[in-house]
Amino acid sequence: MLPGLAWLVLASLTLLTAVLTVTSRSPLRGACALLAHIVMLSLFFLALSAEFLAVLQVLVYGGATVVLFIFVMMLLGGEALPPPLAPRPRWRIALFVAAGVMLGVTLAGAFVVAALPVRPETPAGFGTVANVGGSLFREHFIAFELVGILLTAAMVSAIAITRSRGWHELPEASKASVTDGEVAAASALEGQPG
Amino acid sequence: MMHAPTEAYLVLAALIFSVGATGIVLRRTMLVQLMSLELMLNAANLVLIAGNRAWPGAPSGQVLTLLVLAIAAAEAAVGLALIIAFYRIRQTSAADAASILRA
């Protein structure tokens, strides 16, 4: 009874955090909800005896992707994002209570997952690094190589897209407030005639 | 092991996927749309892992999840770079502002 109940509670919380990610007016709160969602999803991965993927989910998604999202929010600044809701104290208290309950239930779910025995039918070392890595480098080696190329291309294109544009490519409006000295310095840096 | 049949995981993944798809359609902030995209990729990962648990002969589902993780990272990097570049041009991150190509 208890494991099924724990599964249901964890599933509904995972769904709730997914809904919060989408419905949060402030993208920062949405990112925090996405982080909670990812951590709870990794609990499901643990329950499905995919230990390596559970760790990787938290590392890659929680540690890299969500932080990248928050980093971009910081880079764009507050004016790029929609204004947050007007402060409503009761609503805020309810949010804090919900966050606390969510944290408690997640921790309890982790203990339940850790305490329960693994289903016997998985082969030994099913979700371990050795098993997954062995399959990755034997049966799926071409896919691995292709993903390496994809990641390199993504990195190069991200740099190419966000590279600050040259002076000659800027719109006239943004050139108006710049002094001649700055123009000369920018041209010297670029090696182009001002 | 929390005792839940594979079908329960499939239903949960379908619900998460539809929440993400709804977010992409309804929200107008590009950052939130990208986060909804991550939700959809997460739902796909959950299906892969649950399927691999149901047929645990080889860890192919987990390997595929690993590849999806890498693709999600690449997608997030390029998508966020596009958002930053768009913000430089239009000074906003609202998807409705990207209407230059509208006929």
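**B:Ala76**

I started with B:Ala76, which sits in helix α3 of chain B, where helices are DSSP runs of H or I with at least four residues and strands are runs of E with at least two, numbered from the N terminus. This is a predicted model, in which local features need pLDDT of at least 70, side-chain atom pairs count only at pLDDT 80 or more, and totals for chains, interfaces and linings use all residues. Residues are numbered from 1 along each chain as its sequence is written, while chains are lettered from A and ligands numbered from 1 in the order in which they are written.

Is B:Ala76 buried or exposed? I found it buried, because 24 other C-beta atoms lie within 10 Å; the cut-offs are 20 or more for buried, 12 or fewer for exposed and partly exposed in between, with C-beta atoms placed from the backbone. Leaving out residues up to four places away in sequence, I noted that B:Ala76 touches A:Thr65, A:Leu68 and B:Leu34, a contact being two C-beta atoms, placed from the backbone, within 7 Å. I also looked up B:Met35, which is 41 residues from B:Ala76 along the chain, with 8.8 Å between the C-alpha atoms.

**The side of chain B that touches chain A**

I then took the chains as a whole, and there 50 residues of chain B are in contact with 63 residues of chain A. On the chain B side, the elements giving two or more residues are α1 (6-26), α2 (30-54) and α3 (60-90), and α3(B) provides the largest share, 22 residues. By residue type I have 36 nonpolar, 11 polar and three charged on that side, counting Ala, Val, Leu, Ile, Met, Phe, Trp, Tyr, Cys and Pro as nonpolar, Asp, Glu, Lys and Arg as charged, and the others, Gly among them, as polar.

**α2(A) against α2(B)**

At what angle do helix α2 (residues 27-47) of chain A and α2(B) pack? I have about 5°, with the axes 11 Å apart, the axes being lines fitted to C-alpha atoms over the stretch in contact and the angles running from 0 to 180 degrees between N-to-C directions. The two helices are therefore roughly parallel to each other, since angles under 35 degrees count as such, over 145 as roughly antiparallel, 65 to 115 as roughly perpendicular and the rest as oblique. Among the residues that meet here are A:Leu34, A:Ile38 and A:Phe45 in α2(A) and B:Met35, B:Glu38 and B:Leu46 in α2(B). The residues of this contact divide into 12 nonpolar, two polar and one charged.

For α2(B) itself, I noted that 21 of its 25 residues are buried. I also checked its length: at 1.5 Å a residue, its 25 residues should span 36 Å, and its end C-alpha atoms are 37 Å apart, which agrees; the expected span is 1.5 Å times one less than the number of residues.

**Chain A and A:Val129**

Chain A has eight helices and zero strands, and buried residues make up 28% of its 194 residues. An automatic or database domain assignment gives domain 1 (1-127), domain 2 (128-163) and domain 3 (170-194). The contact of domain 1 with domain 2 takes five residues from each.

Last, I looked up A:Val129, which lies in helix α5 (residues 129-138) of chain A and is partly exposed, because 13 other C-beta atoms lie within 10 Å. A:Val129 and A:Ala50 are 79 residues apart in sequence and 9.6 Å apart in space, C-alpha to C-alpha.
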